[in-house]
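Reader: I have a structure open and would like to learn how to read it. Could you walk me through it, step by step?

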Amino acid sequence: NCDSDCMNVFLRELSHRFPEDHILLCCDGAAWHKSKALQVPANITLFHIPPYTPEMNPIEQIWRELRCQGFRNEILYHVRQSKNAGTSAKNGPRFLITASEARP
């Protein structure tokens, strides 16, 4: 679960790891990217992409490529399902998540 507190931790750690650099960080429209509670360090500038422009969002390009390669998310609720859920030429490779890992 991500929120303004998580984003602040991320920004602080990013700033500390690259103290001599100025970082231009591309952000989408997630609420925690625009929160008034954000504490953006002096060496980071947030750049917000326009809404509804997945082609401008770097992570969307990675997800698109993974889907093109046949990867997909799937939640399995029973261990027996996992025995039949491996890679197959018909279905392609999958990221498998058990129900215990899928807790919010």
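Reader: Where is the place of His33?

Author: His33 sits in helix 2. Helices (H or I, at least four residues) and strands (E, at least two) are DSSP runs, numbered from the N terminus. Before we go on, this is a predicted model: local features need pLDDT of at least 70, side-chain atom pairs count only at pLDDT 80 or more, while totals for chains, interfaces and linings use all residues. Residues are numbered from 1 along each chain as its sequence is written, and side-chain values use heavy atoms, leaving out hydrogens and water.

Reader: Is His33 buried or exposed?

Author: Buried means under 20% relative accessible area, exposed over 50%, and partly exposed in between (1.4 Å probe, protein chains only). His33 counts as buried because its relative accessibility is 14%.

Reader: Which residues is His33 in contact with?

Author: Contact means heavy atoms within 4.5 Å. Leaving aside neighbours within four places in sequence, His33 is in contact with Met7, Cys27, Asp28, Leu38, Leu46 and His48. With Asp28, the side chain of His33 also makes a polar contact of 2.9 Å. A polar contact is a pair of N or O atoms within 3.5 Å; within protein, one must be able to donate a hydrogen and the other to accept it, and residues adjacent in sequence count only if both atoms are side-chain atoms.

Reader: Which residues are buried in helix 1?

Author: Here is the general idea. An α-helix has 3.6 residues a turn, so residues three or four places apart point the same way. In helix 1, the buried residues are Ser4, Met7, Asn8, Leu11, Leu14 and Ser15. They lie on the same side of helix 1 because they cover an arc of only 130° around the axis; the arc is that of the directions from the helix axis to the C-beta atoms. The face turned away from this buried side carries the exposed residues Asp5, His16 and Arg17.

Reader: What do the buried residues of helix 1 pack against?

Author: They pack against strand 1 (23-27), helix 2 (31-34) and strand 2 (44-48).

Reader: Which residues form the largest nonpolar core?

Author: A nonpolar core is a set of buried Ala, Val, Leu, Ile, Met, Phe, Trp, Tyr and Cys residues joined through side-chain atoms within 4.5 Å. The largest one here has nine residues: Met7, Leu11, Leu14, Ile23, Leu25, Cys27, Leu38, Ile44 and Leu46. Helix 1, strand 1 and strand 2 each supply at least two residues of this core.

Reader: And what pattern does the chain follow along the sequence?

Author: The pattern is α-β-α-β-α-β-α-β, with four helices and four strands in the chain.
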